[in-house]
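Here's a quick briefing for anyone meeting this structure for the first time. Have a look at the model, then read on.

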Amino acid sequence: MMFYCKRCNKTFDREWETIWDMQELTHGYVGYHLYDTYICCPDCGELAEALEEPGPNPF
């Protein structure tokens with residue numbers, strides 16, 4: 001799953017398994033929704049947005 005950080009103008013990837021692990025630990029269940037799963041940018045720590053398509057800098 002691709003995410004975009006506005007602050008860094010960067011896209012980055014997180015594996016679904018990682019997202020599911022986070023959901024299970026925080027919510028107690030796993031789902032394909034991301035509106036209540038918070039993924040932070042690995043560089044600056046800001047919350048990132050889930051993308052349907054890769055953004056300006058896919059790597």
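Is Phe12 buried or exposed? Phe12 is buried, with a relative accessible area of 6%; buried means under 20% relative accessible area, exposed means over 50%, and partly exposed is what falls in between, using a 1.4 Å probe and protein chains only. Keep in mind that this is a predicted model, where local features need pLDDT of at least 70 and side-chain atom pairs count only at pLDDT 80 or more, while totals for chains, interfaces and linings use all residues. Residues are numbered from 1 along each chain as its sequence is written, and side-chain values use heavy atoms, with hydrogens and water left out.

**The overall layout**

- The protein chain has one helix and three strands; helices (H or I, at least four residues) and strands (E, at least two) are DSSP runs, numbered from the N terminus.
- Starting at the N terminus, the elements come in the order β-β-α-β.
- The chain has 59 residues, and buried ones make up 29% of them.
- Take the contacts (heavy atoms within 4.5 Å) between residues at least 6 apart in sequence: 52% of these join residues at least 24 apart.

**The sheet**

- The three strands form an open sheet in the order β2-β1-β3, with antiparallel pairing; two strands pair if DSSP finds at least two bridges between them.
- The edges of that sheet are β2 and β3, each pairing on one side only.
- Strands of a sheet pair through backbone hydrogen bonds, either parallel or antiparallel.
- Between β1 and β2, which run antiparallel, there are four bridges.
- Phe3 has Phe12 in β2 as its bridge partner.
- In the loop between β1 and β2 you'll find Asn9, whose phi is near 55°, a positive value in a residue other than glycine.
- Asn9 counts as partly exposed, at 41% relative accessibility.

**The nonpolar core and the rings**

- What makes up the largest nonpolar core? Seven residues do: Phe3, Cys5, Phe12, Ile19, Ile39, Cys41 and Ala48.
- A nonpolar core is a set of buried Ala, Val, Leu, Ile, Met, Phe, Trp, Tyr and Cys residues joined through side-chain atoms within 4.5 Å.
- In soluble globular proteins, nonpolar side chains tend to be buried together.
- Leaving aside residues up to four places away in sequence, Ala48 touches Phe3, Tyr4, Cys5, Phe12, Ile39 and Cys40.
- There are two aromatic pairs, where rings of Phe, Tyr and Trp (its six-membered ring) pair if their centres lie within 6.5 Å, and planes under 30 degrees apart count as stacked, over 60 as edge-to-face and the rest as tilted.
- One of these pairs is Phe3 with Phe12, which is stacked, at 6.0 Å centre to centre and 25° between the planes.
- Phe3 is buried as well, with a relative accessible area of 2%.

**The salt bridges**

- How many salt bridges are there? The count is three, with a salt bridge being a side-chain nitrogen of Lys or Arg within 4 Å of a carboxyl oxygen of Asp or Glu.
- Side chains of opposite charge can pair when their charged atoms come close.
- Lys6 is exposed, at 60% relative accessible area, whereas Glu49 is partly exposed, at 38%.
- Another salt bridge is Glu46 with Arg7, with 3.2 Å between the closest N and O atoms. Glu46 is in the loop between α1 (16-27) and β3, and Arg7 is in the loop between β1 and β2, so the pair ties together parts that are 39 residues apart in sequence.
- Glu46 is partly exposed, at 38% relative accessible area, while Arg7 is exposed, at 59%.
- Lys10 also forms a salt bridge, with Asp43, and here the closest N and O atoms are 2.4 Å apart. This pair links distant parts of the chain, with Lys10 in strand β2 and Asp43 in the loop between α1 and β3, 33 residues apart.
- Lys10 is buried, with a relative accessible area of 19%, but Asp43 is exposed, with 52%.
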